[in-house]
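Here is a briefing on one protein structure. Please look at the sequence and the model first.

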Amino acid sequence: QVQLVESGGGLVQAGGSLRLSCAASGRIFSINAMGWYRQAPGKQRELVASITSGGSTNYADSVKGRFTISRDNAKNTVYLQMNSLKPEDTAVYYCNADIRIQSWIRNDYWGQGTQVTVSS
């Protein structure tokens, strides 16, 4: 009923930039927090950045000053602008959203993941 579709991953050289997008669609009453997580091979999934419906943001220490999360509430879309990319940023990036499909029904949804590879 609800889908999160990510786009924008790819291969980039160290120091380069990428912009990820994630659009939520389907039966949506409202969207609370949205965020980006990543998982590198052999590592646990970790929070990269999150943003509330009001625009408050939170970042992992490893990406502060390099990544910027934003959202367009009218489009139910969250973005992650990634600058000054490093090889250690290589991972599958997942979009996450806390969505109400009715005022009393609230679920956590995940995108399918998009690969980001940073070459040295």
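Buried means under 20% relative accessible area, exposed over 50%, partly exposed in between (1.4 Å probe, protein chains only).

This is a predicted model: local features need pLDDT of at least 70, side-chain atom pairs count only at pLDDT 80 or more, and totals for chains, interfaces and linings use all residues. Residues are numbered from 1 along each chain as its sequence is written, and side-chain values use heavy atoms, without hydrogens and water.

**Strands 7 and 8**
- Strands are DSSP runs (E, at least two residues), numbered from the N terminus.
- Six bridges join strand 7 and strand 8 in the antiparallel sense; pairing requires at least two DSSP bridges.
- Phenylalanine 67 stands opposite methionine 82 in strand 8.
- The two strands form a hairpin with four residues between them. In the turn, asparagine 76 has a positive phi of about 50 degrees.

**Nonpolar core**
- The largest nonpolar core has 32 residues. Such a core is a set of buried Ala, Val, Leu, Ile, Met, Phe, Trp, Tyr and Cys residues joined through side-chain atoms within 4.5 Å.
- Trp36, Leu80, Met82, Tyr93 and Ile99 have the most contacts inside it.
- Strand 9 gives this core its largest share, six residues.

**Charges over rings**
- The charged end of arginine 19 sits over the ring of tyrosine 79, 4.1 Å from its centre. The criterion is NZ of Lys or CZ of Arg within 6 Å of the ring centre and within 35 degrees of the ring normal.
- Arginine 45 has its charged end over the ring of tryptophan 110, 4.7 Å from the centre.
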